[in-house]
Amino acid sequence: MGTIDALSGNTAQKAASTNNSKTSAVETKTNKPKEESAYIKESAANEKRVTYSKPDMSKINSLRAAQNKNMNAFKAMVEKLLTKQGQLASFNGIDLSSEKGMLRLKSLIEGGMPVDQETIDTARAAIAEDGEFGVEKTSERLFQFAVAASGGDKANMEKMRAAIEKGFAQAKSAWGGDLPEICNKTYEATMKKLDEWSKSQE
């Protein structure tokens, strides 16, 4: 009788163990699809978060147009500023900013050419080293405007450099030939300032 009870007990334990294993297997199978489903839902949610909207081309074109307008305005300003500087430095076709030009003027005055000395003195003061249209102040104005218009962005600064080159070429063309020496010096000084600024941004 004791043996039968023991066998019955063992059989019951085995049956319980088998049932537990089956239950675990069922739970594992049941849980797996839920985990996979949750992962798929989470992945789908992440995919939705990184979806990009179509660019607004009208806004992009508007920004490009505004940038081009600013660039053209800057080129016009460069041309106007250098032309004004050239006009101040020129007297009857004589370059007052160059030593050669001043020697020529002196020779003409000694030869009896009537000259308004006050006009010459005023022009010479304007294009002097510390003058309002001297190399330093004019190049600094061009440089500061270029930095402001570029927004301090190095890539944009290259565009401003190109605008200065074109503005200088336009001023030269409007002048009908070589600009007075001071204009060339101003151009070189401006480019030097741009180079130094670019190096400081590295």
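Predicted model: local features only at pLDDT ≥ 70, side-chain atom pairs only at ≥ 80, totals over all residues.

**Salt bridges and a serine**

I started with D178, which counts as exposed at 62% relative accessibility. The cut-off I used for exposed is over 50%, so D178 makes it.

Next I looked for the partner of D178. It is K172, and the closest N and O atoms of this salt bridge are 3.7 Å apart. K172 itself is partly exposed, with 35% relative accessibility.

**How many in the whole structure?**

How many salt bridges does the structure hold? I noted seven.

**K193 and E140**

I then checked K193, whose side chain meets that of E140 in a salt bridge at 3.1 Å, N to O. This pair links distant parts of the chain, with K193 in helix α7 and E140 in helix α5 (residues 135-150), 53 residues apart.

Buried or exposed, I asked of K193? It counts as buried, at 16% relative accessibility. My cut-off for buried is under 20%, so K193 falls on the buried side. E140 comes out as partly exposed at 25%.

I also looked at which residues are linked with this pair. E136 joins E140 and K193 in a network of salt bridges.

**R161 and D195**

Another pair I looked up is R161 and D195, whose side chains form a salt bridge at 2.6 Å, N to O. Here too distant parts of the chain are linked: R161 sits in helix α6 (residues 154-175) and D195 in helix α7, 34 residues apart.

For accessibility, I wrote down 15% for R161, which counts as buried. D195 has a relative accessible area of 34% and is partly exposed.

**S198**

Last, the serine. S198 is found in helix α7, which spans residues 181-200. I got a relative accessible area of 9% for S198, so it is buried under the 20% cut-off.

What does S198 touch, leaving out residues up to four places away in sequence? I listed K154, E158 and R161. R161 was already in my notes as the salt-bridge partner of D195.

Note on methods
Residues numbered from 1 in each chain as written. Heavy atoms only, no water. Helix = DSSP H or I, 4+ residues; strand = E, 2+ residues; numbered from the N terminus. Buried < 20%, exposed > 50% of the residue type's maximum accessible area, 1.4 Å probe, protein only. Contact = heavy atoms within 4.5 Å. Salt bridge = Lys/Arg side-chain N within 4 Å of Asp/Glu carboxyl O.
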